[in-house]
Amino acid sequence: MTQSHPGISKAVIPAAGLGTRFLPATKATPKEMLPVVDKPAIQYVVEEAVTAGLSDVLMITGRNKRPLEDHFDRNYELESALTRKGDAARLKKVQESSDLATMHYVRQGDPRGLGHAVLCAAPHVGDQPFAVLLGDDLIDPRDPLLARMVEIQEREGGSVIALMEVAPEQIHQYGCAAVEPTAEGDVVRITGLVEKPEAGEAPSNLAIIGRYVLDPAVFDILRRTEPGRGGEIQLTDALQVLAEDERTGGPVHGVVFKGRRYDTGDRSDYLRAIVRLACEREDLGPDFKTWLRSYVTEEM
């Protein structure tokens, strides 16, 4: 069994996807930059990593993703204009994104799946455990999932995967975990993983959601992993190898998340995420909920 490595500080955010489900909006704008109320989705993800103590963020990008780098960089012209206008509130919001974390970028020149994207992080990560956060899943900051996962990894070693119960008829949309219980109610031992199983073949109703804390042994496995479902190098396939034999990179645990998750990878769920988050904002919620009730009443 590998030893735990205290002080996990690096987060990897794959962001090289084309965002085809949101065309034509994503023809020239990265899907990660689509606004969720008044912040791009990717900023919520970086903020989550930083809140969990991961201040070193590597973004895996691709062609036409330059706006991601620009967003987390300084914009002196805009800051100067806001300063001259005396607009301190908006100036603070603009500066927040550039002060969040130490940001790094590497291109995934050949988009060959999530496993390949994670492998692109190997030179930056080195031999330390690291977190992977997928931008389509936004986790409510009041439900600190990633911090709990880091805690489990530092105590148990190996890798930790975020899981969530879904309806049996939905499990084919996700990677799925076979598990054994532990003494902690929200923690399970993962014994197997299947990528998007058919409805009757799923080992459980525990779906993998987009948060991982991984042992660096996963890199060697990914280098040997052949393309799987969809002709892509699947991270799930590499994690299956770890789950089968803990001598490879330690045990694989799962944290069963029961908190608030906003899925922005689907158009309908993206709209629901905006509505839910807007309703919970102190500055927008009261007026917006009043209008929403009126609108729904009229439509019904």
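**Exercise 1.** Where does Met 300 lie?

Solution. Met 300 lies in the segment that follows helix 12 (285-299). Helices are DSSP runs of H or I with at least four residues, strands are runs of E with at least two, and both are numbered from the N terminus. The model is predicted: local features need pLDDT of at least 70, side-chain atom pairs count only at pLDDT 80 or more, and totals for chains, interfaces and linings use all residues. Residues are numbered from 1 along each chain as its sequence is written, and side-chain values use heavy atoms, without hydrogens and water.

**Exercise 2.** State why Thr 225 counts as buried, then find its surroundings.

Solution. Step one: buried means under 20% relative accessible area, exposed over 50%, and partly exposed in between (1.4 Å probe, protein chains only). Thr 225 counts as buried because its relative accessibility is 14%. Step two: Thr 225 lies in the loop between helix 8 and helix 9. Its side chain reaches the backbone oxygen of Ile 221 at 2.7 Å. Step three: leaving aside neighbours within four places in sequence, Thr 225 is in contact (heavy atoms within 4.5 Å) with Ile 233, Gln 234, Asp 237 and Ala 238.

**Exercise 3.** List the buried residues of helix 8 and name some of what covers them.

Solution. In helix 8 (residues 217-224), the buried residues are Ala 217, Val 218, Phe 219, Ile 221 and Leu 222. Their cover includes strand 11 (206-214), helix 9 (235-244) and helix 10 (246-249).

Note on methods
Polar contact = N/O pair within 3.5 Å; in protein donor to acceptor, adjacent residues only side chain to side chain.
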